[in-house]
Amino acid sequence: MAQIPNLDNAPLNLTALREQSQKELVSIIKSIMGNKCLVIDPKLAGTLSLILHTSVLKEHVTELRILSADPVQTECPKVVYLVRSQLSLMKFVANQIKNDESKGLQREYHLYFVPRRVVACEMILEEGKVHQKLAIIGEYPLYLVPLDEDVISFELGDDDYSSQECRLIEGDTATSVWHIAEAIHRLELAFGVIPNVRAKGVASTKAAQLLNHMHLQDPVHMDDMGIPEIETVILLDREVDMVTPMCSQLTYEGLLDEMLEIHDGSVQVDAGIMGAQQDGKKVKVPLNSSDKLYREIRDLNFHVVLRVVHQKATSIQQDYAQVKSTNTQSVSELKDFVKRLHSLPEITRHVNLAHHLQSFAGKPLFHARVEIEQKILEAKDYDTCYKYIEEIIQKQEPIETVLRLLVLFSLTNAGLPRKNFDYLRREILHSYGFEHMPLLYNLEKAGLVKRRESRSNWAVIRRALQLIVDIKDPDSPDDMSYVFAGYAPLSIRLVEHAMRSGWQSIEEVLKLLLGPRLDLKRGVSTISGSSELLPDGAQQNTDRVGRRSVVLVVFVGGVTFAEIAALRFLGAQEGMGYDFVVATTKVITGNTLLRPIIASSKQRIVQSITNPCPGGDFPCSVQGHFLFCHWKCYCLCSCIRVLYFLVR
Amino acid sequence: SSGVGRLDLSTHIVAAAPFGGPIAAVRDDSKIVQLHSEPSRRRLLLFSSSGHPLASSPWTPHLPRLHSLAFSSSLNLLALLSDGSLLRFRLPDLNPITSSSPVPLLPPASGGVADAVFWGGGVAILTEDNRVVVTTDIEVDDPHPRELADPGVAEDEQVLCMAVVEPQFVMSGSPEVLLAVGDRVVAVDEDGVQVLGEALEIGPVQKMAVSPNGKLLAAFAHDGRLLVIPTDFSRIIFEYECDSALPPDQIAWCGLDSVLLYWSEVLLMVGPNGDPVQYNYDEPVMLIPECDGVRILTNSSMEFLHRVPDSTTLIFGIGSMSPAALLYDARDHYDKQSAKAYDNYQLISSSLPEAIEACIDAAGYEFDVSRQHTLLRAATYGLAFCSSRFPHGRFQEMCKILRVLNAVRDPEIGMPLTVKQYKLLTATVLIGRLINANQHLLALRISEYLNLNPEVVIMHWACEKITASAAIPDVVLLEGLLDKLRLCKGISYAAVAAHADNSGRRKLAAMLVDHESQSSKQIPLLLSIDEQDKALQKSIDSGDTDLVYLVLFHIWQKISVEKSAPLDFFGVINARPLARDLFIAYA
């Protein structure tokens, strides 16, 4: 099965978008004559695998390499770099070219930026004195990649210089926000101007404004387009709802991502798990809706999935037994049987995967954690939860797990009482080491784990949006809350309200959530607070052709699979006449969301120890001093504090 | 058309641009001239095709002798001096391009120019020591002349005449130079020399001209024969014995099927069939070849000579009974309210579409507006009877073309274009020529009429306006400019502002650039006019981090050049968190 998702059933013509990206890439490569070696940066290589087969690339290039710090090994006289416009990658490129030069190798270099040329990157090349060695500097405008028939990714990585961590802490999303606006603008060029724009959160509002600005600068010509295919775009900041990603996802796809981590539409697992003989080898298992069985079960609760897969397997077994026992089968019956046998590899695959998942999710530990999450969300038994967190810190469970619960706990309680807060922080440092000091500071600054300063309004939000709904029948759930065992994701509830009755009706709740809000009808812009411009209710939403209109939901900062599942559930509800398409910077889990914060916080303290002069190249006496060594100073201070702590 | 004033062709070196372009002239100082009242200093003169003086500028004294003048395809005036250097002038005001010093095209010590042939994009020069140098990129700032293979002219021989097959007609894409040397013709290109047509036994050729499609060569042989030969000299296609064995002064192709020969006072038109036609002139003549005919410039007039088009012959031929002629007649009767109109119609009802087509076609060839009118009216009379069988668009298209052509043929504009030339030139190039001649209003009207984007016209107008109004205060000028710039949606204000800045009006530039909606164009300009703070603010507002970086690096570089304190820089970016964060990310 192909890793490239099948997009035939997509509510939007995403195939055309993907084909255009394919064509652009192939024409770039074809435009360079002769033997060439294509060097791609690692993350982009993953992204490209969602666009075209590697075999297609290999048809046109002689050699294919992944960009790394090491010099490039190739016999080709021409080297083509295809890299995202990131500062760190430029250093690799510059080093490789300089390395070739020192060896006296004469090569022709071409550099293509994805998605566009960036001055800062070119500056690095210029400083490395390799800028003039590049025969061609071009761009490959890849702004979005369809992950599945209803999921688009903007492929903004966590190693972006405007990373998650930056976003959460410094409130700077500039590059990403621009990228998102540009990507939506490109969707508009293909599918028509989106008449309704709604946004919640700092970055989302900014993106919506930028989008509008871009539309003014480079108007989409509506004449040849007809009715716009996308009726509404809803932009949501991850910051608006940090609660949801902290919870454990319970859908099949969500669990796969939590446990095995889905990258570019596939998971890597040991070959042994998939039933192959050779152990130790990793195999890639593609996961997308081209797989009919996966399409059926991906959004189901994991326990239901186990049963479904089991049923499928047994039914085939029964059929087989029947075929064996009776010889009086007609040809057409045999044909049916053989047809069903065709789905056997899919069933085997998911039996294997589900079995593997069960080894994690079946443990009492997992159940206990889900239970605690449930309690935290319902804001019951404060002390039990507090004790539980303390316990897992002392058990030295993975720091991500601890932080997820801690963040969840802090968010729903509007912070922890001072005594508890200090105590848990100290416990974390004791258990995980002093280098986590800046991490805790960062989390506090981002408002994820903090001291309690005001009363929690979680209860109000929870009640107003009906976030806690018990599921009576897990086989055919009547509410999206099944994706988190009884908790309906806040973000998706916001979408539901926006589409059902407009945001006006939940004005008060929206005010309690972070960030400004923007409602925009194209041509008329109104910042939060003014009257609702959209027609209320979910009627009149099928256009003349009888096609359902499409709502694009953009998650700035990432979305979990469980939320996507909830959104699919919402789209399938009666009376909801919309098809939802999810667009996101990245598909995340609680772990992948926290990991960059953990990593970069750690990196900073290591830097501050090994490289104690804060400020680097800049004289510390100037005004800029504080600016440039602000972080490192902090890190130093924290070191000293920790040392003091240890001595005491 | 009206005369060229006091310009005497016999005492001037003259060049005329194809496609009804202007005429340039400089007095030939190798000839004895009787000065009447004009100044004795030579001047470079420029006239429209209708004879209106457009510009003149003093000819720089003490230059080597002027060999020839020519126009390049983008209407720059080229002047080749006898030492092989080239002067270039920009129209319409004859300002020298790049530098006032001539660009040398010949290698040193080549003995100067013996002969030269220009075409739209280049020139081929035969030097005094019988070498051939071609330049194919004559429009660029520093042209690259290339010497072709040595044609192998012996000491006692001389080159009789020269012609060039233009690069676009040669397979290799580089020009082929034909030289008549002794009793042979050689083709010279970069790779070598080839003797052509020895089997044809033509004998010494006195004059040659290559046809407009590059396929045929008209050659006047020493024995008075005019020969038409394919440029590969495979056979003689056509031969005509002239009365005179003296070579003609000028030879030119008229369209693709007839050749004009000019001896003083006699012009002979030799066509493929029938007797040649002779015209007599009692004043000097200059032949200006066009793609479909020849313009004939005399001291007093400009004429256009071409073969009578078939459709015109069909209608106006004596005793013609063709459907087209009958249709024309029918319209005449109809206007006189005579019933014969209907009789005519019945005679031709089966071949009506051809008749209409012929009338429309003939109208296109007419220069006379009233004749165009009657022919088109005849066509509409036919159209009334067969609206279904004839494509309506054809009639409207011709009307549109004729409107445009009549407008530019006006003596005030002076571009005598034919339909065929117009189609070859295309409307966009015509508009380009009009704005270069500062005929902005007409250009704007034409682009509006033809539904073309008026952006080019308005932009050019705005830039010219800025150049021309140095005395007008910024605010007043801005008002005037904005009035017009608003006409065109999406026009680049930044480009106009850049021009204002180049003309030394930085304040005006700053005011203009405010109106630019595209940040990616606005910000680089703000930087170039030293509005760094504004550029930084705008780049931050635009949300495009790339632009923020652009501004930051610009300021940073400026600091390192000027050696001013980095303190200011930190002060500037510290006040703007986004800029600060980005700079930290970079540093």
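The paragraphs below lead through a predicted model with chains A and B, from its confidence values to its sheets, cores and loops.

Residues are numbered from 1 along each chain as its sequence is written, and chains are lettered from A, with ligands numbered from 1, in the order in which they are written. Because the model is predicted, local features need pLDDT of at least 70 and side-chain atom pairs count only at pLDDT 80 or more, while totals for chains, interfaces and linings use all residues; side-chain values use heavy atoms, with hydrogens and water left out. The term pLDDT denotes the predictor's confidence in each residue, from 0 to 100. Chain B has a mean pLDDT of 85, and 97% of its residues reach 70 or more. For the complex, the predictor gives an ipTM of 0.74 and a pTM of 0.70.

The sheets of chain B come next. Strands (E, at least two residues) and helices (H or I, at least four residues) are DSSP runs, numbered from the N terminus. Two strands pair if DSSP finds at least two bridges between them. One open sheet of chain B holds 4 strands in the order β10-β11-β12-β13, with antiparallel pairing. In this sheet, β10 (113–119) and β13 (145–147) of chain B each have a single partner strand, so one side of each is left without a neighbour in the sheet. On average, neighbouring strands of this sheet are turned by 20° against each other, direction ignored. Between β10(B) and β11(B) (residues 122–127) there are 6 bridges in the antiparallel sense, and W119(B) stands opposite G122(B) in β11(B).

A further open sheet has 3 strands, in the order β26-β27-β28 of chain B, and its pairing is also antiparallel. At its edges stand β26 (285–289) and β28 (302–305) of chain B, each of which pairs on one side only. Here neighbouring strands are turned by 25° against each other on average, direction ignored. The antiparallel strands β26(B) and β27(B) (residues 294–298) are joined by 5 bridges, with P289(B) opposite V294(B).

Is strand β15(B) enclosed by the rest of the structure or left open? Burial is judged by relative accessible area: buried means under 20%, exposed over 50%, and partly exposed in between (1.4 Å probe, protein chains only). In β15(B) (residues 176–181), 6 of the 6 residues are buried, so the strand is largely enclosed by the rest of the structure. E176(B), L178(B) and A180(B) point one way from β15(B), whereas V177(B), L179(B) and V181(B) point the other way. Strand β14(B) (residues 159–165) pairs with β15(B) in the antiparallel sense over 6 bridges, and V164(B) has V177(B) as its bridge partner. Strand β16(B) (residues 184–188) is joined to β15(B) by 5 bridges, also antiparallel, with A180(B) opposite V185(B). β15(B) and β16(B) form a hairpin with 2 residues between them, and in the turn G182(B) has a positive phi of about 55°.

The interior may be described through its nonpolar cores, which are sets of buried Ala, Val, Leu, Ile, Met, Phe, Trp, Tyr and Cys residues joined through side-chain atoms within 4.5 Å. The largest has 130 residues, and Y252(A), L494(A) and F580(A) have the most contacts inside it. A second, separate core of 93 residues includes L67(A), F113(A), L481(B) and L527(B). Contact means heavy atoms within 4.5 Å. Not counting residues up to four places away in sequence, Y252(A) touches several residues, among them Y294(A), F302(A) and H350(A).

In chain B, L482(B) lies in helix α11(B) (residues 474–485) and counts as buried at 4% relative accessibility. With residues up to four places away in sequence left out, L482(B) touches Y493(B), L512(B) and H515(B). The C-alpha atoms of L482(B) and H515(B) are separated by 9.0 Å, although these residues are 33 residues apart along the chain.

Some loop residues deserve mention. The peptide bond from V114(A) to P115(A) is cis, with omega near -5°, and P115(A) is found in the loop between β4 (108–114) and α5 (119–127) of chain A. Q396(A), a residue other than glycine, has a positive phi near 55° and is partly exposed, with a relative accessible area of 45%. E265(B), likewise not glycine, has a positive phi near 75° and is partly exposed at 46% relative accessibility.

Technical notes
Axes are lines fitted to C-alpha atoms, for helices over the stretch in contact, and angles run from 0 to 180 degrees between N-to-C directions.
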